[in-house]
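Trainee: I am new to this one. Please walk me through it.

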Amino acid sequence: MTMKVLVLGSAAGGGFPQWNCNCSNSSEARKNPQRAKPRTQSSIAVSVDNGKNWFLFNASPDLRQQINDNVALQPKTGIRHSPILGVFITNGDIDHIAGLLNLRESHPLSIYATKKVLNILNSNTVFNVLNPDFVERREVSLNQTILLKDKNKNSTGIEVEVFPVPGKIALFLEDKNKGNNFGTDEEDTIGLKIIDKKTEKFFYYLPACAEITEDLKNRLKRAPMVFFDGTLWKNDEMLTANVGVKKTGQRMGHMSMAGDNGTIEIFKNLDVKKKIFIHINTTNPALLEDSIERKKINKEGWEVSYDGMEINL
């Protein structure tokens with residue numbers, strides 16, 4: 001069987017174009033979607049049984065639209081049905097947890113996340129609409145490999161290795177009294193190695209990352225495929241775009257694609273076979289199909305993910 005990966009959403013928080021943004025990119029997406037493809041917020045789905053069942057990785061606020069846009073995730077049999085078995089959450093950002101509220105119709109699901117992220121769900125009663133009789137929340141530990149199971153504890157055939165990556169606490173949880181890291185700890189942002197248990201095929205999924213450490217370099221070397229944080233082209237992009245956000249990429253917990261310490265440069269020596277940017281912000285010029293930045297990315301062997309992108313491993 002083939003391991004299938006489906007990109008449900010490829011944009012950063014707010015999608016592309018963002019609802020109140022009229023920067024050159026967002027304006028172009030509304031006027032000329034062939035040149036600047038609109039994108040929903042970041043999420044992927046994985047299947048290891050030829051598309052019969054799927055597990056989501058992050059639940060975007062746009063999840064309802066993403067399901068409607070992808071036949072693979074739509075009901076197939078009976079009055080009530082979904083091929084979605086569960087969701088794995090990589091951090092507590094709104095663009096990765098708000099979509100859980102779309103899954104409140106008494107459907108059996110399992111939700112996996114670190115204790116830090118589960119605490120966010122547990123402390124906000126709005127998530128109680130996910131009926132605990134049908135939805136089970138399961139805590140994962142760092143630096144462990146676990147077998148994902150459905151609500152009834154049947155194997156999904158997918159294993160996940162969980163590891164911390166440099167990042168930042170979710171924006172709505174920042175505490176300025178806790179120093180420069182605003183209370184961030186290593187459970188706030190994680191990377192995943194997603195493995196087909198039967199064939200042992202795998203890839204990495206890191207939609208948020210603030211720095212590539214030596215440990216992370218060693219982990220990613222010679223990987224068959226990596227989805228990596230593509231939020232910004234350059235660190236001061238939000239400032240120069242004049243979109244009203246007075247923060248650098250580093251302040252937001254994201255690396256830049258370009259530059260001597262950027263993702264493109266660092267990946268040059270990692271020998272990754274297939275490199276794909278995901279979680280791309282509305283200001284990033286790489287979103288334009290004919291931009292100089294897109295040409296640079298493609299020349300260096302990178303792809304820019306798009307909604308509906310399908311990959312078979």
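Mentor: Start with a term: buried means under 20% relative accessible area, exposed means over 50%, and partly exposed lies in between (1.4 Å probe, protein chains only). This is a predicted model, where local features need pLDDT of at least 70, side-chain atom pairs count only at pLDDT 80 or more, and totals for chains, interfaces and linings use all residues. Residues are numbered from 1 along each chain as its sequence is written, and side-chain values use heavy atoms, without hydrogens and water.

Trainee: Is Arg35 buried or exposed, or partly exposed?

Mentor: Arg35 meets Glu28 in a salt bridge, at 3.2 Å from N to O. A salt bridge is a side-chain nitrogen of Lys or Arg within 4 Å of a carboxyl oxygen of Asp or Glu. Glu28 is buried, with a relative accessible area of 15%. Arg35 has a relative accessible area of 28%, so Arg35 is partly exposed.

Trainee: How many salt bridges does this rule count?

Mentor: One of them joins the side chains of Arg219 and Glu161, at 2.6 Å from N to O. This pair links distant parts of the chain, 58 residues apart: Arg219 sits in helix 5 (residues 214-220) and Glu161 in strand 8 (residues 155-164). Helices (H or I, at least four residues) and strands (E, at least two) are DSSP runs, numbered from the N terminus. The count of salt bridges is 12.

Trainee: Which residues join Lys268 in one network?

Mentor: Lys268 forms a salt bridge with Glu300, with the closest N and O atoms 3.9 Å apart. The two are 32 residues apart, with Lys268 in the loop between helix 8 (263-267) and strand 12 (274-278), and Glu300 in the loop between helix 9 (292-299) and strand 13 (302-304). Salt bridges with shared partners tie Lys268 into one network with Glu265, Lys296 and Glu300.

Trainee: What is the radius of gyration of the protein?

Mentor: Take the C-alpha atoms; the globule rule is 2.2 Å times the number of residues to the power 0.38. With 313 residues, a compact globule would come near 20 Å. The protein agrees with that, at 18 Å.

Trainee: What share of the residues is buried?

Mentor: The chain folds into 9 helices and 14 strands. Its C-alpha trace spans about 50 × 45 × 40 Å along the principal axes. Of the 313 residues, the buried share is 52%.
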